[in-house]
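Here is a short briefing for a reader meeting this structure for the first time. Please look over the sequence and the model, then read on.

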Amino acid sequence: MSTHGAAAATRSRAWSAWLVVCVVWGTTYLAIKVALETIPPFVMGGLRYVIAGALLAAILRARGHRLPARSTWGTSAVISLFMIGFGNGGVVWAEQSVPSGLTAVLIGTSPFWMTGVDALLRTRQRPHARQWIGLAIGFLGIVILVLPDVTAGGEVGRNFGWGVVAVQLACAGWAVGSAYTKRHTLPGDVLGSAALQMIFGGIIMMIAATVLGEWPHVSWNTKTTAAFAYLTIFGSLIAFACFSYALKHMDVAIVSLYSYVNPVIAVALGTLLLGEPFNVRMLVAAAVIVAGILVVRQGNGP
């Protein structure tokens, strides 16, 4: 195959991987909500990622791939702490009190955190006025989205508020992990690195589950077992590997557009299958958040 043909094939595979991320990660919010019915959040996340990472590592070894050298394990562990420990851990903990569709919409604020973290790490370039305006617009969208529920009062309102905070911690963790990844590129096979990160991330979440005393509360039924299996095979093994592949072969700005697609799928599934609320306020808030993201991206320049 010619160099041009090989490049075209790589681009095609990268776009296919990105589409898998868009669709599968959009459905995982529903699966998480279902699995949480009998499986505590950090137990679910920890087992999910350890199993998926081990399966991917076994597949790669069977196909003759070498796994990352031990000298890279420290970097992988740091990435896992932020992107999986905080990133996914915050999401699964939040969905105990926040509807799955609403969680996905709130995760759509990740570009704001990416911009903020990038600004803190840069020494010569700070956010432009347009970026600050975009951040303010996006924050207004979040307020419109969550304020009525946060101020509802009582235990439900408090739990919802803590869930919103957990989602924002998840966004912050993902942003820090992404920034760290950019500055500490791991050598070797991207899928091998993904397997290692999933294993480390799963171990971190299982440690959290142990500290929080979640293990005695685990139980399984047909529905939650099916949801857990879907999260492990499709949400982690397949989609996380696809995300890593797309991130290596596509511009990060293009890859991050999955965050526009996921909320649409999650809201639709949550409304249709779980009877979660969907109203005009949510639609307006989502539109405001998207407007803020677009303003921030324009402020980043070409």
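In this predicted model, ring pairs join Trp-25, Trp-174, Phe-243 and Tyr-258 into a cluster. The structure holds eleven aromatic pairs.

**The aromatic cluster**

- A pair of aromatic rings is described by the distance of the centres and the angle of the planes.
- Trp-25 and Trp-174 pair edge-to-face, at 6.2 Å centre to centre and with 85° between the planes.
- Trp-25 belongs to helix α1 (residues 3-35) and Trp-174 to helix α7 (residues 154-183), so this pair ties together parts that lie 149 residues apart in sequence.
- Trp-25 counts as buried, at 10% relative accessibility.
- Trp-174 is buried too, because its relative accessible area is 16%, under the 20% cut-off.
- Trp-25 also pairs with Tyr-258: the ring centres are 5.5 Å apart and the planes stand at 65°, so this pair is edge-to-face.
- Tyr-258 sits in helix α11 (residues 258-274) and Trp-25 in helix α1, so the pair ties together parts 233 residues apart in sequence.
- Tyr-258 has a relative accessible area of 13% and is buried.

**The fold**

- From the N terminus on, the elements run α-α-α-α-α-α-α-α-α-α-α-α.
- Of the 302 residues of the chain, 48% count as buried.
- Take the contacts in the chain with a separation of 6 or more: residues 24 or more positions apart account for 90% of them.

- An α-helix has 3.6 residues a turn, so residues three or four places apart point the same way.
- Helix α2 (residues 41-62) has 22 residues and reaches 32 Å from its first C-alpha to its last. That is close to the 32 Å expected for α2 at 1.5 Å a residue.
- Just after α2, Gly-64 takes a positive phi of about 90°.
- Helix α8 (residues 190-211) has 22 residues and spans 32 Å from first C-alpha to last, close to the expected 32 Å.

**Around Thr-224**

- Thr-224 is found in helix α9 (residues 222-249).
- Is Thr-224 buried or exposed? With a relative accessible area of 0%, Thr-224 is buried.
- The side chain of Thr-224 makes a polar contact with the side chain of Thr-38, at 2.8 Å.
- Leaving aside residues up to four places away in sequence, Thr-224 touches Val-34, Ala-35, Glu-37, Thr-38, Ile-39 and Ser-219.

**Cysteines**

- A disulfide is a covalent bond between the sulfur atoms of two cysteines.
- How many disulfides does a search of the whole structure find? The search finds zero.
- Cys-22 is buried, with a relative accessible area of 3%.
- Cys-242 is buried as well, with a relative accessible area of 16%.

**Confidence of the prediction**

- The chain averages a pLDDT of 84.
- A score of at least 70 is reached by 88% of the residues.
- Which element of the chain has the lowest mean pLDDT, and which the highest? Helix α10 (residues 252-255) has the lowest, at 70, and helix α2 the highest, at 95.

Note on methods:
Residues numbered from 1 in each chain as written. Predicted model: local features only at pLDDT ≥ 70, side-chain atom pairs only at ≥ 80, totals over all residues. Heavy atoms only, no water. Helix = DSSP H or I, 4+ residues; strand = E, 2+ residues; numbered from the N terminus. Expected span 1.5 Å × (residues − 1). pLDDT = per-residue confidence, 0-100. Phe/Tyr/Trp six-rings, centres within 6.5 Å; stacked < 30°, edge-to-face > 60°. Buried < 20%, exposed > 50% of the residue type's maximum accessible area, 1.4 Å probe, protein only. Polar contact = N/O pair within 3.5 Å; in protein donor to acceptor, adjacent residues only side chain to side chain. Contact = heavy atoms within 4.5 Å. Disulfide = S-S within 2.5 Å.
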